[in-house]
Amino acid sequence: MIVTRFAPSPNGPLHLGHAYSAIVAHEIAKERGGRFLLRIEDIDGVRSRPELAREFRADLAWLGLEWAEVPAQSTRLAAYAAAAERLRAMGLLYPCRCTRLAVRDAATAKGPDGPVYPGTCRGAVFTPDEAVAWRLDVAEALRRTGPLTWFDERAGEQRARPEMHGDVVLVRKEVATPASYHLAVTVDDAADGVTLVTRGMDLFPATHVHRLLQALLGLPVPTWHHHALLLDDGGIKLAKRRGSPSLADRRETGEDGRALADSLRASRFPAGITLGESLSGDS
Ligand SMILES: [Zn+2]
């Protein structure tokens with residue numbers, strides 16, 4: 001049975017782009033007789049506002065969607081730690097003390113998420129009390145797994161190229177948010193039995209890392225469906241900071257959520273909003 005998911009982070013209200021993403025995942029599950037899951041990704045440290053999760057459920061219900069909710073990320077820290085420990089025991093993680101600024105200054109290449117970490121701390125000596133992040137030695141990991149592929153329903157078969165990200169952080173320095181996005185979602189999608197990972201095109205590059213982690217951790221490999229993104233009239237992904245009204249705002253002004261969901265299903269968007277394959281500024 002097909003299982004899709006919508007996995008928002010409660011660090012800001014949902015907007016139209018989120019609604020579209022949830023509807024895509026919901027419709028695929030419905031059409032194919034599968035299940036649609038909601039997972040709250042609430043380990044974003046101080047930016048995480050757990051009370052927003054209630055609003056998210058109200059938003060989805062207002063859109064007329066039906067879902068099953070799986071455990072929030074904050075309840076799964078032990079599973080992330082166990083996955084990291086397994087990779088550490090395989091000799092595939094190394095500690096890094098670099099700040100974001102230091103990475104930016106040392107980087108000589110740009111990856112999908114910004115400057116590529118050049119491996120500054122690989123082989124460095126650390127004192128036991130030092131706050132460190134743990135990075136994946138991607139070249140060594142790939143040497144162990146051999147070539148990997150993954151399949152996107154829209155883009156077809158892909159050769160996994162995690163090296164474009166450099167040695168990604170899997171365990172953060174911050175005690176409150178120990179697992180990186182890459183590690184947490186990979187563990188979660190396996191634990192939740194997700195068979196079709198539905199999310200926006202902006203996360204397409206991250207999938208190269210997730211495929212590698214699945215191979216290393218012996219997790220089942222889902223199929224992916226990276227959907228086009230709702231863009232504003234400047235070609236920028238919709239976000240609250242750019243003035244896109246939140247779903248909660250729309251709900252509270254008495255707008256018909258089911259009608260809005262029908263419009264999004266039919267790719268009818270409000271004035272000034274289009275569906276785009278890539279973000280402005282992407283190369
Ligand atoms: Zn470092």
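## Helices around a cavity and a pocket

Let's start inside: the largest cavity is lined by Val185, Thr186, Asp189, Val197, Arg199, His210, Gln214, Pro222 and Trp224. Keep in mind that this is a predicted model, where local features need pLDDT of at least 70 and side-chain atom pairs count only at pLDDT 80 or more, while totals for chains, interfaces and linings use all residues. Residues are numbered from 1 along each chain as its sequence is written, and side-chain values use heavy atoms, with hydrogens and water left out.

A cavity here is a set of points, on a 1 Å grid over the protein atoms alone, where a 1.4 Å probe fits but cannot get out; a pocket is an open set with protein on both sides within 12 Å along at least five of seven lines, and lining residues have an atom within 4 Å of a point. By that rule there is one cavity of 30 Å³ or more. The largest cavity holds about 50 Å³ of space (a volume is the space filled by probe spheres set on the points, which are joined across faces, edges and corners). Helix 6, strand 11 (196-200) and helix 7 each give two or more residues to its lining, and helix 6 gives the most, with three. Helices (H or I, at least four residues) and strands (E, at least two) are DSSP runs, numbered from the N terminus. Sorted by class, the cavity lining has four nonpolar, three polar and two charged residues; Ala, Val, Leu, Ile, Met, Phe, Trp, Tyr, Cys and Pro count as nonpolar, Asp, Glu, Lys and Arg as charged, and the others, Gly among them, as polar.

Now for how helix 6 and helix 7 pack. Helix 6 (residues 181-191) meets helix 7 (residues 206-217) at an angle of about 60°, with the axes 9 Å apart. Axes are lines fitted to C-alpha atoms, for helices over the stretch in contact, and angles run from 0 to 180 degrees between N-to-C directions. That makes helix 6 oblique to helix 7, since angles under 35 degrees count as roughly parallel, over 145 as roughly antiparallel, 65 to 115 as roughly perpendicular and the rest as oblique. In the contact (heavy atoms within 4.5 Å), helix 6 brings Tyr181, His182, Leu183, Val185 and Thr186, and helix 7 brings Ala206, Val209, His210, Leu213, Gln214 and Leu217. Those residues split into seven nonpolar, four polar and no charged.

Helix 7 has another partner. Its axis and that of helix 5 (residues 138-145) come within 10 Å and cross at roughly 55°, so helix 5 and helix 7 are oblique to each other too. Here Val138, Ala141, Leu142 and Thr145 of helix 5 touch Leu212, Ala215 and Leu216 of helix 7, giving six nonpolar, one polar and no charged residues.

Over to helix 1 and helix 9: their axes come within 10 Å and cross at roughly 75°, which makes helix 1 roughly perpendicular to helix 9. Leu16, Ala19, Tyr20, Ile23 and Glu27 of helix 1 meet Leu260, Ala261, Leu264 and Arg265 of helix 9.

Of its 14 lining residues, Tyr20, Val24, His225, His227 and Ser267 lie nearest the centre. Helix 1 supplies the largest share, five residues.
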